[in-house]
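Please open the model in your viewer, with the secondary structure drawn as a cartoon and residue selection by number at hand.

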Amino acid sequence: MKKTMIHMFFKVLRLFNKRFFVPFVCAHFYLTKVQHNRLKQLCGIENKELESELNAHLQSTLQMDGPPVLFASARMAFYAGLLAYGIGPGDEVILTGFTCAVMCNAVLRTGATPVYADVNGGTFGTDATAVLGCVSARTKLIVVQHSFGIPADADAIFKAAEQRQIPVLEDCAISVGSTRQNQMVGTIGDMAIFSFDHSKPLNGLVGGAIFVKDKARFQRVCEIQAQSPSLPMAMQTRQIKQVWHERRLYHPGLYGPLLAFNLIKSVLLKSKPLFLSEDGDGATPTTQNEFYSYPSKMPAYAMQLVLWELQRWPETQLIRKRFLTELLSLFDRHQLGGLIQEAYRSPDIVPLRLAFCVHDGGNLKRRLGRFIDMGWNWFERPIIAGNKDLSVFAYVPGSCPVAEAIGHTIVNIPCHVHKRFQKSLLKTLDWVLCHYANDVRSDTDLR
Ligand SMILES: Cc1ncc(COP(=O)(O)O)c(C=O)c1O
C-alpha cells in the first residue's frame with residue numbers, strides 16, 4: 001500500500017512537471033462558445049433531421065452505397081450487425097489479432113466465439129493467409145481490420161469469403177478515407193463499421209456507425225437501433241462538458257498536469273463513468289451494466305460534432321498526410337527510414353498514427369514517453385484490454401505469433417495532431433531520433 005502511494009506520488013509529480021506532453025486525442029480546438037451551446041441544446045434529445053443530415057454526409061464522404069445506422073459506439077454498431085446476421089451460440093467470428101476488448105465482447109455477447117487471425121507485419125492489419133487458415137465450417141463472419149490508416153491487403157479474403165458465402169465486415173474504426181487500388185476502406189465488405197470515439201479519425205467524443213449492404217439485414221439493424229434507448233441524460237451532460245474540457249486542456253502544454261490532476265481525483269473521488277468503458281479493459285461481458293444500455297443510440301450532440309468534423313475533413317486529411325510526409329523525412333534524415341513500413345509511403349493513405357517497431361537497440365520508447373502519452377500506445381498485446389488475462393476473450397496464447405512479437409516492440413506516433421503543435425512535436429522527435437540513431441551506431445561499433 002505504502003509502496004503504491006509513493007509510486008503514485010512520484011507519478012503525479014512527474015506529470016505536473018511535463019511542459020510538453022502530446023495526447024493521442026485531437027480535441028475540437030475550433031469549437032466556439034456558440035457551437036458548444038448548440039451541443040448543450042442537443043443534450044438528451046433525439047433529432048431525426050440531424051441524423052439524416054449526418055447519414056447523408058457520411059455516405060458521400062465515405063463513398064458508400066447507402067446510409068449508415070448510428071449507435072453510441074462502433075462496438076454496439078458491430079453487435080447490431082452480428083444480430084442482423086443471426087450470429088449466436090455455436091458460431092465463430094474471425095477477428096484480427098490486434099483488436100480491442102470491446103470487439104471481442106460484442107461477439108461474446110451474442111454467444112458466438114471469437115477466433116483470432118494473426119496480423120500482417122507490413123500493414124498491422126488483417127493478414128489474408130492467417131484468416132484463410134482460421135476459416136472453419138462454423139465461421140459466420142470475417143472481420144477485416146484496417147489499422148492506423150493503412151488499408152489491409154484483403155483481396156484474397158474477399159475472394160475466398162465470396163466463394164464460401166461468408167460475409168465480411170470491414171473494421172474502419174481506426175482508418176478513415178484511405179484508399180487501396182482506388183477503393184476506399186469500408187466500401188468492399190458486406191458491412192463496415194466506423195468509430196467516432198475521441199481517439200479516432202472523426203472525433204464525436206462517442207459514437208459509431210455501421211453500413212450494411214444487404215437490404216433485409218440493414219432493416220434489421222435499423223429496427224435494433226429504433227428499439228435502443230438513448231444514453232442517460234446525466235451522462236450526456238458530463239460528456240458535453242468533457243468536449244469543452246478537452247478543447248481547453250488537451251494540448252501539449254496542459255495535458256501532463258491535467259493527467260496528474262485526474263489521477264488525484266480518481267483516488268479521492270469515485271466519479272461516474274464518462275465513456276462507454278464498462279466492457280473495455282478486460283471486463284467479462286455482461287448483457288447489461290448499471291450505467292447505460294447496450295446497444296444505445298448515438299447522442300444528437302455527438303452527431304453534430306461528427307458533422308462539423310466532416311465539414312473540415314478535406315482540410316484535415318491534407319494536414320495529416322502532410323504531417324506524415326514530414327515524419328517520414330525526419331526518419332529518413334536520421335537514416336532510420338528502414339524502421340517504417342513501406343505502406344506508409346503510399347500517397348493514398350490518411351494516417352491516424354505512425355506505427356513502427358524498435359527492437360530496443362536504443363531507449364527510443366522510453367524517451368518518447370517523456371513527450372507522448374505512451375499509455376495510449378496501441379497493440380502492445382493482441383487485444384487492448386488493460387493488463388487482463390486474454391483468455392477471457394477466448395484468445396489462445398501463441399495463436400497470433402506476429403501480433404505477439406510486434407506487440408513487444410510497437411511504437412505509435414499520433415498523426416492527427418493539430419497544426420499548431422506539429423512543429424514542436426517534430427522538433428522533439430528530431431531529438432529522440434538523433435539519440436536513437438547514435439545508440440544504434442554505437443551498438444553496431446561495439447559488435
Ligand atoms: C480496431 C478497433 N475496432 C473497433 C473499436 C471500437 O470502437 P468504439 O470504441 O467506438 O466501440 C476500437 C476501439 O478502440 C478499435 O480500436
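Select the open sheet to begin with, in which seven strands follow one another in the order S1-S10-S9-S6-S5-S2-S4 with mixed pairing; strands here are DSSP runs of E with at least two residues, helices are runs of H or I with at least four, and both are numbered from the N terminus. Two strands count as paired if DSSP finds at least two bridges between them. At the edges, pairing on one side only, lie strand S1 (69–71) and strand S4 (113–117). On average, neighbouring strands of this sheet are turned by 25 degrees against each other, direction ignored, with axes being lines fitted to C-alpha atoms.

The model is a predicted one, in which local features need pLDDT of at least 70 and side-chain atom pairs count only at pLDDT 80 or more, while totals for chains, interfaces and linings use all residues. Residues are numbered from 1 along each chain as its sequence is written.

Within the sheet, select strand S6 (residues 168–171) together with strand S9 (residues 191–195), which pair in the parallel sense over three bridges. Asp171 stands opposite Ile193 of S9.

Which residues does Ile193 touch? Leaving out residues up to four places away in sequence, its contacts (C-beta atoms, placed from the backbone, within 7 Å) include Ala74, Ala77, Phe78, Leu169, Asp171 and Ile210.

Next, select strand S13 (residues 410–414), which is largely enclosed by the rest of the structure, because four of its five residues are buried. Strand S11 (residues 353–357) runs antiparallel to S13 and is joined to it by five bridges, with Ala355 having Asn412 as its bridge partner.

Finally, zoom out to the whole protein, which comes to 14 helices and 13 strands. Its C-alpha trace spans about 65 × 50 × 50 Å along the principal axes, and buried residues make up 45% of the 447 residues.

Note on methods:
Axes are lines fitted to C-alpha atoms, for helices over the stretch in contact, and angles run from 0 to 180 degrees between N-to-C directions. A residue is buried if 20 or more other C-beta atoms lie within 10 Å of its own, exposed if 12 or fewer, and partly exposed in between; C-beta atoms are placed from the backbone. Two residues are in contact if their C-beta atoms, placed from the backbone, lie within 7 Å.
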